[in-house]
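Please consult the sequence and the structure shown here alongside the text.

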Amino acid sequence: MAIPMIGNTQVNVSTTPENRNAVIEEWTGIYCGYCPTGHAAVDQAIASNPGDVVALNIHTGSYANPNGGDPDFRTSDGDNNAASFSISGYPSSTLNRRTIGGSQTYHPAGSNDVDKVPQVISEVSEVNMHITATVNVTTRELNVDVEYYYTSDAPN
């Protein structure tokens, strides 16, 4: 008798411990005067660490309010996430959503902030992940497949 096997097999994800990636969430807005300097610092972090840094620009706060026919890049998720952090100015960023120097946010345009990325990407991750996504623009449906493999015990 054949028994069908339904299980999770690792196809694309590595079982060898790997270092973390850095996820920079940059809080910005269409009218933020200092944000281009922050964008340049984040772009430099990406260029200096190819394949290890992901950046998300989240338009929220007073600088993100559109005027007239200007585009509206705000989202309710962006506003909800921004409320979870102590953003003291724009641009601000979170780096892997961790506390940096007593604060959850930092200013990416600051002289000492960009060099925090190498610290994060030098740390060994407890879990390796492989994510693929496809989108159907007609139906606006997003399909995401995630594979993960724990290489050690996670702290939480």
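## Helix 1

In this predicted model, helix 1 comprises the 14 residues 35-48, which at 1.5 Å a residue should span 20 Å; the end C-alpha atoms are 20 Å apart, in agreement with that value. Its buried residues are C35, G38, A41, V42 and A45. They lie on the same side of helix 1, because they cover an arc of only 120° around the axis. Residues three or four places apart in an α-helix point the same way, because there are 3.6 residues a turn.

The cover over these buried residues includes strand 1 (22-28), strand 2 (53-59) and helix 3 (116-121).

## Salt bridges

The whole structure contains 4 salt bridges. One of them joins E123 and R20, at 3.1 Å from N to O. E123 belongs to the loop between helix 3 and strand 4, whereas R20 belongs to the segment before strand 1, 103 residues apart. R20 also forms a salt bridge with E126, with the closest N and O atoms 3.1 Å apart. E126 lies in the loop between helix 3 and strand 4, so this pair ties together parts that are 106 residues apart in sequence.

A further salt bridge links R97 and E25 (2.8 Å, N to O). R97 lies in the loop between strand 3 (92-95) and helix 3, and E25 in strand 1, so parts 72 residues apart in sequence are tied together. Through shared partners, R20, E123 and E126 form one network.

## Nonpolar surface patch

M129, I131, V135, V137, L142, V144, V146, Y148 and Y150 make up a nonpolar surface patch with about 950 Å² of accessible area together. Strand 5 supplies the largest share, 5 residues. I131 is located in strand 4 and counts as exposed, at 52% relative accessibility.

How values were computed
Residues are numbered from 1 along each chain as its sequence is written. This is a predicted model: local features need pLDDT of at least 70, side-chain atom pairs count only at pLDDT 80 or more; totals for chains, interfaces and linings use all residues. Side-chain values use heavy atoms; hydrogens and water are left out. Patches are made of residues with over 30% relative accessible area and no salt bridge: like charges are joined within 9 Å, nonpolar side chains (Val, Leu, Ile, Met, Phe, Trp, Tyr) within 5 Å. Accessible areas come from the Shrake-Rupley method with a 1.4 Å probe; for residues, only the protein chains shown count as cover. A salt bridge is a side-chain nitrogen of Lys or Arg within 4 Å of a carboxyl oxygen of Asp or Glu. Helices (H or I, at least four residues) and strands (E, at least two) are DSSP runs, numbered from the N terminus. Buried means under 20% relative accessible area, exposed over 50%, partly exposed in between (1.4 Å probe, protein chains only). The expected span of a helix is 1.5 Å times one less than its number of residues. The arc is that of the directions from the helix axis to the C-beta atoms. Contact means heavy atoms within 4.5 Å.
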